[in-house]
Amino acid sequence: MSAPTTGPTGGPTAITATSVLTGTGLHVSFGALRAVDGVDIEVRSGECVGLIGANGAGKTTLLNLLSGAVSADGGQVTVTRGEHVHRLSRAGAPQRARAGVARMFQTARLVPDLSVVENVELGLPRRGTDLLEAIGLPGAARAARRRRAAALDALARVDLVHRPGTRAGSLSVGQQRLVELARVLVSGAGILLLDEPFAGLSGTARRTVADLIGSLRRDGVGILLVEHDLTRVRELADRLVVLDAGSVLAEGPVTETLDDPAVVARYIGDLELEIDLVPDDPHALDEQFAAGPAPRPEPVGPPVLTVRDLRVFHGSVPVVHETSFTLTPGDGIGLVGPNGAGKSTALRGIAGLLRSTGEITVSGTDLAGRATPDRYAAGLAFVPQVHGGPAGLTVGDQLRLAWLSGGRRVGYRETLEQVDEVFPELLGRRRDQAASLSGGQRQMLAIGRALMASPTVVLLDEPTAGLAPALVPTVADTLTRMRDRGVAIVVVEHNLGLVRAACSHVVGLRAGRQVWSGPIADFDTATAHDIFLGTGTDQPGHDPARPAPSEEERSPR
Amino acid sequence: MTAPTPVPTTAATAAAPRGATDGVPARHWRWTQPAVILLVGALVLLVLRPGPFDLRVFTLVAAYAVAAVGFNVLVGFSGVVSVGNALFLAAGGYAWARLAVPQGPVVALLSGIAVAVVLAVLAGMLLLRLRAYYFAVGTLALGTLGTIVARNWTGLTNGDAGITGVGFLQVFGLTGVTSIFAAAIVILALVCLLQETLRTSPIGLSMLVGRYDPPMAGALGVRVPAMRIVAFAFSAVTAALGGALIVQLAGGAFPDQFTTTASINLLIIPIIGGRGWRWAPLVGALIVIALPEYLRFLDDYRLVVYGALVTAVALFLPGGAQQAFRQSWSWLRSRARQVRR
């Protein structure tokens, strides 16, 4: 370890003692949900344990149980530090922090009004003399100088020593993350729990954070790393624990565990690479698989949706970076990628529900900076993942309401006829309550409502979420029918079977970046593995950094 | 006690590519504020030589500022809102009234502080488990209880008739209100020094992070409830000191001095001043205590104008007077820069 960490405050010396964090039989329920259900986990000094799992698998909850932010319904937590064993099963978060368990939350959490160096000083271990210092007894100034020096040393390690006086709230997200790491450095924690430390960071900041995690590990800190980006996990972790529905699905060395077919199936969610569709008309779909993109009329006119260098923000955090694609009428783009890749965020950015920069053009209208209703008026429609629709209305009422609140570009009857052509079964049930529809029909209704505004582009967020697998072909058929009517679609979907059946192009996102794009015919199993599991390099896939315009050139049509 | 000298400035600025703005944070020299307060106090006494009415108003401002320093820490650092701090004013006031003449001023002040701190720690351990609003309601009950006890425990407080002939702090060979004013200024300088020391200490930082983000504070090893109790106890200390000064100025201790109105005044002072700002207690006390007195020329409209002013501050300066000071300061600086060009 380099000189800075032997801070005069005595904290960081603790790193030299080996620490082991052990959790046994941890479980906690929220209502009926058993969020963590009997998990045993161990993190030793100097190792980095990757913790992965699908959304809702209980990763963050497990971190909360270990850090004491949530108290467990049962199970033991102990920290062994050198010779000393801390039994922490009943201890609150402060006590665990004092035993050397540091926690970093998913978003950087600094005190925005304090300066950078003061935020780092907050990480220094509490001492018995703090209270005396608070009333200004002699030695306070010397202690203050020591603290300041230790904090500046830590800032030097994260390469922020030139900005100690900056208000923490004015730093970029990446810098805030680095300040947090400096805070961990001064704390002398032996165990570090990291919840998606790379979320929202730029490429260089990712590199710096990864290097720091690596160097902390070499210093003998035990690290538990929750991360969706499996490239990073492969790079950093020594060992992998895969959670599924609150319990451990698999654990072991990283590569072997990631090759486990059960893990692949769980982690990628509903990825069915061998498409397991039982379509109503098998030949139609077979034909599509065989021929790649379904035979389609020649490109109809100019592009209806152009997205160039799209960046979408959650607050000030960019979550999606430089994504570009173009659709002509009847095109279907599938946005695919692992959890947290920014797929839904990209859709929301296009729909104007989240702040975005970059170029978004619909049928020649520049939508940048426009509010959501304006975007809808320009021909965009968005079908969110949760689509309740107004309760207590009949199917017909819902469609009429959607027409009224839509652009009313086309007369009601005419619009209804158009929707009828796509979804005759829906119009047949116009007088029924929407609640009486089947799952697949409800999805049709949600899309039908979007179509009532006569859109040129429909954005769909996980149309098969919550549907029985048997309904997937119906949804695929629905999307295909829409495209046949000349409506372009952008669909975020976990079920790659659906993407293959209903889309002409695929854009692969990982960690907010476009890592692959190409026609559906080129989207094979190996490519899917690349996108989802981050095998190989940082930017796998056969054409990573290619901007959208060249995609058009490449497009077979 | 030595002032903390700002640290490796040379190294830090050497590495800074953009220079001044990113240097080590200006850590206030913690004697600056007490020195300014003492200086202004001396100027008021020696140069301004206020008349009896003005001097009384200034003394009351100083007394309330003393009491509000702790409240500034409580609201501004810890983010806890209490509406019962008149109880601690009363503890300090009645302790002074009962003990100052027979036992001497030091015993009177110290026992007032001791009673207030014990009450604050007990009440804090009981009430600070509650969430923000319920805590405020709980302290309201506490303050009301204090008033009731003051009115009815006649053996100790002599009820509504109050205790008169309580003496005053005699300093620098002064007499009467002048002496109380000088003592109030000295005490104010002292508690301001404590406030600044606390702010820059690990405890002060812990209070701040406990206010911004309790879960994060827990993960940093900060015991948020303990920090809140410390802040509550500190507010009790300064309230007891302020209470003793108020009693001396009034020439006696009466229940009416320690009603909920006094608690509300204590709450408003740091908020109007800009909570957490080190000058907030004094600036806030000037606005809340002195301003109504100097609006007396408006006769019947006095409270109307005062109410409108306070509402305007609340509406347009959510950061309190501090915001106004900051804004005019940066405006002046930018003007100065333009002039130089």
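Is Asn119(A) buried or exposed? Buried, with 0% relative accessibility; here buried means under 20% relative accessible area, exposed over 50% and partly exposed in between (1.4 Å probe, protein chains only).

1. **Ground rules.** This is a predicted model, where local features need pLDDT of at least 70, side-chain atom pairs count only at pLDDT 80 or more, and totals for chains, interfaces and linings use all residues. Residues are numbered from 1 along each chain as its sequence is written, chains are lettered from A and ligands numbered from 1 in the order in which they are written, and side-chain values use heavy atoms, with hydrogens and water left out.

2. **Around Asn119(A).** Asn119(A) sits in helix α3 (residues 116-121) of chain A. Helices (H or I, at least four residues) and strands (E, at least two) are DSSP runs, numbered from the N terminus. If you skip neighbours within four places in sequence, the contacts of Asn119(A) are Leu110(A), Val111(A), Leu114(A), Ala168(A), Val179(A) and Arg183(A). Contact means heavy atoms within 4.5 Å.

3. **The six-stranded sheet in chain A.** This open sheet has 6 strands in the order β6-β7-β8-β3-β9-β10 (chain A), and the pairing is mixed. Two strands pair if DSSP finds at least two bridges between them. The edge positions go to β6 (101-104) and β10 (247-253) of chain A, each with a single partner strand, so one side of each has no neighbour in the sheet. From one strand to the next the twist averages 15°. Axes are lines fitted to C-alpha atoms, for helices over the stretch in contact, and angles run from 0 to 180 degrees between N-to-C directions.

4. **β9(A) and its partners.** Strand β9 (residues 239-244) of chain A is mostly covered, with 5 of its 6 residues buried. Leu51(A) has Val241(A) as its bridge partner, and Gly50(A) stands opposite Leu240(A). With β10(A), β9(A) runs antiparallel through 6 bridges, and Val242(A) has Ala250(A) as its bridge partner there. The hairpin of β9(A) and β10(A) has 2 residues between the strands, and Ala245(A) takes a positive phi near 50° in that hairpin.

5. **Helices across that sheet.** Helix α1 (residues 59-67) of chain A lies across β3, β6, β7 (191-195), β8 (222-226) and β9 of chain A, at about 150° to β7(A). Helix α6 (residues 173-187) of chain A lies across β6 and β7 of chain A, at about 175° to β6(A).

6. **The four-stranded sheet.** Chain A also has an open sheet of 4 strands, ordered β2-β1-β4-β5 (chain A), with antiparallel pairing. At its edges stand β2 (33-44) and β5 (84-87) of chain A, each with a single partner strand, so one side of each is left without a neighbour in the sheet. The twist averages 15° from one strand to the next. α1(A) packs on this sheet, touching β1, β2 and β4 of chain A, with its direction at about 120° to that of β1(A). Strand β1 (residues 19-30) of chain A is joined by 7 bridges to strand β4 (residues 74-81) of chain A, running antiparallel. In that pair, Ser19(A) stands opposite Arg81(A).

7. **Val491(A).** Val491(A) belongs to strand β18 (residues 488-492) of chain A and is buried at 1% relative accessible area. Asp461(A) is 30 residues from Val491(A) in sequence, yet their C-alpha atoms are 6.0 Å apart.

8. **Chain B overall.** Chain B has 15 helices and 2 strands, and 51% of its 341 residues count as buried. Of the contacts in chain B between residues at least 6 apart in sequence, 76% join residues at least 24 apart. Leu193(B) lies in helix α8 (residues 176-200) of chain B and is buried, with a relative accessible area of 8%.

9. **Helix α3(B).** The 27 residues of helix α3 (residues 52-78) of chain B should span 39 Å at 1.5 Å a residue, and the end C-alpha atoms are 38 Å apart, which agrees. The expected span is 1.5 Å times one less than the number of residues. α3(B) has 21 of its 27 residues buried, so the rest of the structure largely encloses it. Just after α3(B), Gly79(B) takes a positive phi of about 70°.
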